[in-house]
Amino acid sequence: MNDRAQDGLQRALAITVQMIDAAMYDNWERVAELDVERQVFLEQAQPGSTGPQHRETLLALQAHNRALLERAQLVHDAVEQQLSQHQYNHRALRTYITSSH
């Protein structure tokens, strides 16, 4: 068993949990900082350095990463909707101002 790979995966998993926590509070700057930190540990577990003994950790990492991406998508959709509403309001205001002259 490659202890370096397992250690890297475990640390990456712990950081991913921290990323989810930060995302739940919309602290996306912290999520980005943690992602940079996580990459260092993921590099320790490159293909060829992992095997069947790492399966559970890899599956947990994948599930947590999927949860993080789902949260990011929800926030992205909400921001996109707000932007669309803002643009609609801006156009309506411009139309109102133009028509009132």
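Which residue forms a salt bridge with D26? The partner is R71, and the closest N and O atoms of the two are 2.7 Å apart. The model is a predicted one.

**D26 and R71**
- D26 sits in the loop between α1 and α2, while R71 belongs to helix α3, which covers residues 55-99.

**R11 and E37**
- A salt bridge joins the side chains of R11 and E37, with an N to O distance of 3.3 Å.
- This pair also links distant parts of the chain: R11 is in helix α1 (residues 3-24) and E37 is in helix α2 (residues 28-43), 26 residues apart.
- R11 is partly exposed, at a relative accessible area of 32%.
- E37 is likewise partly exposed, and its relative accessibility is 32%.

**R30 and E33**
- R30 and E33 form a salt bridge in which the closest N and O atoms are 3.3 Å apart.
- Both residues lie in helix α2, where they are three residues apart, or about one turn of the helix.
- R30 counts as partly exposed because its relative accessibility is 32%.
- E33 is partly exposed as well, with a relative accessible area of 40%.

Conventions: Residues are numbered from 1 along each chain as its sequence is written. This is a predicted model: local features need pLDDT of at least 70, side-chain atom pairs count only at pLDDT 80 or more; totals for chains, interfaces and linings use all residues. Side-chain values use heavy atoms; hydrogens and water are left out. A salt bridge is a side-chain nitrogen of Lys or Arg within 4 Å of a carboxyl oxygen of Asp or Glu. Helices (H or I, at least four residues) and strands (E, at least two) are DSSP runs, numbered from the N terminus. Buried means under 20% relative accessible area, exposed over 50%, partly exposed in between (1.4 Å probe, protein chains only).
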